[in-house]
Amino acid sequence: MYFMASDRTQTGIEGLDKALNGGIPSGNLVLLSGGAGTGKSTLCLQYCINGCVKFNEKALFISTEQTPTELLRQAAQYNWPLTDLINKGKLKIEYFDVTKGDEFLKRIDESIDHFKPNRIALDSLTTLADALLISDMSEETAFSMVQIAESVNPIPRTEQIITKTLLYRLIGALKKYHVTTLLTSELPEEGKTLSADGVSEFITDGVILLSYLSVGATELRVLKIRKMRYSVHTKEYLTYDFSSKGLECKLEEQLSI
Ligand SMILES: Nc1ncnc2c1ncn2[C@@H]1O[C@H](COP(=O)(O)OP(=O)(O)O)[C@@H](O)[C@H]1O
Ligand SMILES: [Mg+2]
């Protein structure tokens, strides 16, 4: 199948772009799910850096977990020119302290409107959704949502319905920009869903799962594309690891199950 380059947003990670048949269909919102330490933040940062360095794009990194200083430290490990790209206005880090601020949706909107990025990473959707649940709703909104939720279902479904409504709002707000976006979701070790909230996997355009796979005595880091709207893609596991240049991906046909 042939796609024009502009139809695809390349991650710049070779094996992954190949598995995606050239890259992520441009404008897709893609959930990047995995347990702690699987490399979600690294991949997001690499996606942003590659956008700037390899494809001359502008990238917005929305961080709710690592501060800009921590991200600089992470980038330094791989010699990524984060400071340089920030100074040149190619890359922007928008840090939200979820314990303090509010009006996150408004700030995200303003940031995208103003900076006009070609690609976005939001790390993490899990923390942001939790913060929105607590702070970004007016009391009346929260109250009416609880009332609606309770009229439909008794507690404990209430919180789930509010979370779902919030995710629709957040993802809907991001979708209207048609900017290819990675959103991370923190998965518990033994979780059965593809996201922390159990909802995002249905409302995003794609899901990439990072996990571990035991093969004999060894444990491999594996990546699987579980969903990618508007694209054919590899169904097999890819193995990945961290090199001095960042995350590297390989297609492993023999691991297909
Ligand atoms: N310099 C490095 N070389 C190899 N692997 C590293 C290096 N730095 C971090 N890692 C790996 O990356 C992981 C952290 O990746 P990170 O992107 O922060 O994960 P997540 O965001 O999914 O929690 C660590 O657990 C470690 O396994
Ligand atoms: Mg992380």
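This is a predicted model: local features need pLDDT of at least 70, side-chain atom pairs count only at pLDDT 80 or more; totals for chains, interfaces and linings use all residues.
**Ligand 1.** I find 13 residues around ligand 1, and the closest are Gly37, Lys40, Thr42, Gln77 and Arg221. A residue counts as near if one of its heavy atoms lies within 4 Å.

Next I went through polar contacts (pairs of N or O atoms within 3.5 Å; within protein, one must be able to donate a hydrogen and the other to accept it, and residues adjacent in sequence count only if both atoms are side-chain atoms). The side chain of Thr42 puts an N or O atom 2.5 Å from an oxygen atom of ligand 1. Thr38 uses a backbone N or O atom, 3.3 Å from an oxygen atom of ligand 1. For Tyr78, a side-chain N or O atom lies 3.4 Å from a nitrogen atom of ligand 1.

I then checked cover. Ligand 1 has 580 Å² of accessible area on its own, and the protein covers 65% of that. Areas are from the Shrake-Rupley method with a 1.4 Å probe; for residues, only the protein chains shown count as cover.

Which elements give two or more residues to the shell around ligand 1? They are helix H2 (40-55) and helix H3 (68-77). H2 gives the most, with 3 residues. Helices (H or I, at least four residues) and strands (E, at least two) are DSSP runs, numbered from the N terminus. By class I count 3 nonpolar, 8 polar and 2 charged residues in the shell. Here Ala, Val, Leu, Ile, Met, Phe, Trp, Tyr, Cys and Pro are nonpolar, Asp, Glu, Lys and Arg are charged, and the others, Gly among them, are polar.

**Sheet.** I traced 9 strands in an open sheet with mixed pairing, in the order E5-E4-E6-E7-E3-E8-E9-E10-E11. Two strands pair if DSSP finds at least two bridges between them. Strand E5 (91-95) and strand E11 (246-251) are the edges, each pairing on one side only. Neighbouring strands are turned by 25 degrees against each other on average, direction ignored.

I followed individual pairs. E6 (residues 119-123) and E7 (residues 180-186) run parallel and share 4 bridges. Leu122 has Leu183 of E7 as its bridge partner. Helix H5 (residues 104-115) packs on the sheet and touches strand E4 (59-63), E5 and E6. Contact means heavy atoms within 4.5 Å. The direction of H5 makes about 170 degrees with that of E5. Axes are lines fitted to C-alpha atoms, for helices over the stretch in contact, and angles run from 0 to 180 degrees between N-to-C directions.

E9 (residues 218-228) and E10 (residues 238-243) run antiparallel, joined by 2 bridges. Val222 stands opposite Thr239 in E10. E10 and E11 are also antiparallel, with 6 bridges. A hairpin of 2 residues connects E10 to E11. Tyr240 stands opposite Cys249 in E11.

**Backbone.** Most residues other than glycine have a negative phi, and most peptide bonds are trans. I noted a cis peptide bond between Asp123 and Ser124, omega about 10 degrees. Ser124 sits in the loop between E6 and helix H6 (125-135). Asn21 has a positive phi, near 60 degrees. Asn21 lies in the loop between helix H1 (14-19) and strand E2 (24-25).

**Conventions.** Residues are numbered from 1 along each chain as its sequence is written, and chains are lettered from A and ligands numbered from 1 in the order in which they are written. Local features need pLDDT of at least 70, side-chain atom pairs count only at pLDDT 80 or more, and totals for chains, interfaces and linings use all residues, while side-chain values use heavy atoms, with hydrogens and water left out.
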